[in-house]
Amino acid sequence: MEVLLYISIITSIIDLFLIIYASTLHLFPQEWRDRVNSNPRSLNPKYNNESLTGILIILLTIAVCFCWSIYFYFYIFSF
């Protein structure tokens, strides 16, 4: 039970970090943003940073919701 709590907390912290990173992308210099987004169809984060960050945030947020849901299910219904 405690391990699941720690996993949920760690994934939440990573998710929060990615959300903050994505919200500050507009603060980076434009030439850097153009360089890391030079090929929008690539799945390589070296060439398509912003799109992959958004996809990663969506997938990680889904994982965080499942972790917390499972944790609270066992917390509420444990005998």
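A: A residue is called buried when its relative accessible area is under 20%, exposed when it is over 50%, and partly exposed in between; the probe is 1.4 Å and protein chains only are counted. The model is predicted, so local features need a pLDDT of at least 70 and side-chain atom pairs count only at pLDDT 80 or more, while totals for chains, interfaces and linings use all residues. Residues are numbered from 1 along each chain as its sequence is written, and side-chain values use heavy atoms, with hydrogens and water left out.

The predictor's confidence in each residue, pLDDT, runs from 0 to 100. The chain averages 89, and 99% of its residues score at least 70. Helices here are DSSP runs of H or I with at least four residues, strands are E runs of at least two, and both are numbered from the N terminus. Helix α1 (residues 2-23) has the highest mean, 94, and helix α2 (residues 30-36) the lowest, 84. Where pLDDT is low, the predicted coordinates should not be read in detail.

Now the rings. Those of Phe, Tyr and Trp (its six-membered ring) pair if their centres lie within 6.5 Å; planes under 30 degrees apart are stacked, over 60 edge-to-face, and the rest tilted. The structure holds 8 such aromatic pairs. One of them joins F28 and W32: the ring centres are 4.8 Å apart and the planes stand at 35 degrees, so this pair is tilted. Both members are partly exposed, F28 with a relative accessible area of 30% and W32 with 22%.

Another pair is W68 with Y71, whose centres are 5.9 Å apart and whose planes are at 85 degrees, which makes it edge-to-face. These two residues are 3 apart in helix α3 (residues 49-77), so about one helical turn separates them. W68 is partly exposed at 24%, whereas Y71 is buried at 10%. Ring pairs also link W68 and Y71 with F72 and Y75 into a cluster.

The cysteines remain. A disulfide is a pair of cysteine sulfur atoms within 2.5 Å, and the structure holds 0 of them. The closest cysteine sulfur to that of C65 belongs to C67 and lies 9.4 Å away, so it is too far for a bond. C65 is partly exposed, at 47% relative accessibility, while C67 is buried, at 16%.
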